[in-house]
Number of protein chains: 2
Amino acid sequence: MAVLDAIRSRPGTTHPRLVQQLGLGRTVVSQRVARLEAAGLVAQDGLAPSSGGRSPRRLRLRRNAGLVAGVDIGATGMTVGLADLSGSVLAASREAVDVADGPDVVLGRVERLVEDLLARLPAPPPLWGIGVGVPGPVEFATSRPVAPPIMPGWDGYPVRERLAGRFAAPVWVDNDVNVLALGEVRANPAAAEAGDLLYVKIGTGIGAGLVSGGRVHRGVNGCAGDIGHVAVAEAGAVSCRCGNVGCLEAVAGGAALAREARRLAERGGSPALAEALAARGGLTAADVTAAAERGDPAARALLARAGRLVGGTLATLVSFYNPGLVVLGGGVVHAGDQVLAAVRESVYRRSLPLATRMLRIELSALGEAAGLTGAVHLVLDSVFEAERLARWLPWGSPAGHPDVACGPAPGPA
Amino acid sequence: MAVLDAIRSRPGTTHPRLVQQLGLGRTVVSQRVARLEAAGLVAQDGLAPSSGGRSPRRLRLRRNAGLVAGVDIGATGMTVGLADLSGSVLAASREAVDVADGPDVVLGRVERLVEDLLARLPAPPPLWGIGVGVPGPVEFATSRPVAPPIMPGWDGYPVRERLAGRFAAPVWVDNDVNVLALGEVRANPAAAEAGDLLYVKIGTGIGAGLVSGGRVHRGVNGCAGDIGHVAVAEAGAVSCRCGNVGCLEAVAGGAALAREARRLAERGGSPALAEALAARGGLTAADVTAAAERGDPAARALLARAGRLVGGTLATLVSFYNPGLVVLGGGVVHAGDQVLAAVRESVYRRSLPLATRMLRIELSALGEAAGLTGAVHLVLDSVFEAERLARWLPWGSPAGHPDVACGPAPGPA
């Protein structure tokens, strides 16, 4: 079953290379390739240079043999897209949504968007799967959100069963930061090369996605990377929305930035923030980043402080995890370079020297697009995984649309 | 190539089960099994119940077709052993050694011990590989120690090349805590079941081994888990042997325990420690654990404090990594239950509730034996890994002793 995945991973590969790479016999490889061609999954792509005898045929995945839907649900907006089997997005829609409206409303709109996109394609191939990122913890095996703090009504909701029932396709659901990390590692060559990386999202919440050897590390409850509520000395007795005190998020998250910004504005510490407060009667983290981008020193200092606080925790995590790359994403980090510079300073100052020898700390190369890309690859990684594919493509019978009863856990009832 | 690994992982499996598990054709499985039998690697092991036709033969790895050497080098002692291909230790020796004597002295003694053990076996099968754990960071790809603080003379030393040259077998070298973690996950059923775990060693140094989905996560420089030198607020400006200030190890490691014990003894805070100090003129962490085991309240309080400090850092790492199991090992943790109780209290109080929902925190089930076990499995995991095996066992040619030129990186010159 590894043949299709090998062809997918190295487009333009040949029979002899597959034999060498996979350690399978020549006859076995030929039989498998013939079956994949008969099933419409693999096509010839010219000839490779000969190394003696006949020139070997180049092989590639027929990327348009199937479709994959990606769904990136955020706190206040969502993106839905369709991609081919190589992960290239063919069509996408973005619209505002309040995740707190609950799964019925939100998934109803997801379903309509997927249907609209499918209707736009002239002759859509079968839908191979749906990948969904949501802004909260998810038990990956069951695809159910677990006590997500900003998603009332979603706790334990059967997202997989609902979407799989509607579209007769397998469904995978994951936390949004894991999906961002996956998108980065599949579509950003520097991230792919690093192999071991941390994606750190600093927005309203603060969370991390862990990648080990190119695979997302989710932990036993699917909540690995939940660093917003670790204790930091600087937070002392500051209360957090989680009910605890002293959390990183309580002093470095978006709400903390808004709170400090209001204090600054009211005390005359920042003309730019005072102006924004007067104009709208309230302040958000976005006002801080906007003021910083216009050069307001107090707003820049606020962002730098948040960066140092996150960097202090990251220093511990870098010593612990030894990643090759830390990717910073989220609304707060893209305002000038204050956050990036402060995070770098803290990490390089305090992490073990050996752990930072090869470490790069960069802003996300993909930005928000990583969410949709990651959701698409959540499906592609799973459907091309050897064991699962073996059940989907019983050799000898034509394939095409995979059996919805397969997937990482039982599909729809 | 997955056939041998499948037979190894599930002793007593049958042809039909291999066909089902691996998604290979019946003919392919039969051919491979026949070749493995011809090569002396697989043997029949009785018959399984019939499900209609002929009773299928049970298959198992011929565990005595090869030998594996495990070497567990600590700061002051080392264990060397030989195991069969199932990982069962056949013979082992332990002796005192000072790792600071340098690689020539220490590896010279390793070589002699391996040769002595080989000489004890009547007709030793070929040596398939050597696994080595050392008390310092190792670049896993090259098997070379990297700036190990307590191993003068070892920085960049070609351990692989030296031992591979002597024994004509591939060699893998890893940090001792990674090796302990691997031993635990391969030989402790609870650890194997957890899949994602942290092994935390509290001794002279403090370090962690990370396991993700049953595989050791080493990080890009092989220094993942180096948590002894992360900053903790309680350490304030306390100097650490690493040259930095405020490190966890500086307040919770063995040297810190000895320092605090001396202070207590000199100030009359602990009769037991004062007695030990008078008897020997100095105190070590072992004196603290001995006093605690005899019920000395001050010594017990010292251990509990060390446990709370380690637990405070672990609380962050548990939220970040979401392991199913934290295993505590090392000299300091096995003295009564003070350390275990204090670590548990800190982690359960401060980690994200979801991250501790399924978390167990236990003392190592294997104790010191995990080092040798892990070193043996460092080899077995590698030699049975599918891709590598494909190169070692060109189908159709008899196998036996694997080609030493193979391995995760080039073998001996």
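Biologist: How many residue pairs are in polar contact between domain 2 of chain A and domain 3 of chain A?

Modeller: Two, both at pLDDT 80 or more. A polar contact is a pair of N or O atoms within 3.5 Å; within protein, one must be able to donate a hydrogen and the other to accept it, and residues adjacent in sequence count only if both atoms are side-chain atoms. This is a predicted model: local features need pLDDT of at least 70, side-chain atom pairs need 80 or more, and totals for chains, interfaces and linings use all residues. Residues are numbered from 1 along each chain as written, chains are lettered from A and ligands numbered from 1 in written order, and side-chain values use heavy atoms, without hydrogens and water.

Biologist: Why is A:D174 with A:R218 called a salt bridge?

Modeller: The rule asks for a side-chain nitrogen of Lys or Arg within 4 Å of a carboxyl oxygen of Asp or Glu. In A:D174 and A:R218 the closest N and O atoms are 2.7 Å apart. So the pair meets the rule.

Biologist: Why is A:S364 called buried?

Modeller: Buried means under 20% relative accessible area, exposed over 50%, partly exposed in between (1.4 Å probe, protein chains only). A:S364 has 9%, so A:S364 counts as buried.

Biologist: What makes A:S364 and A:L366 a polar contact?

Modeller: A polar side-chain atom of A:S364 lies 3.2 Å from the backbone nitrogen of A:L366.
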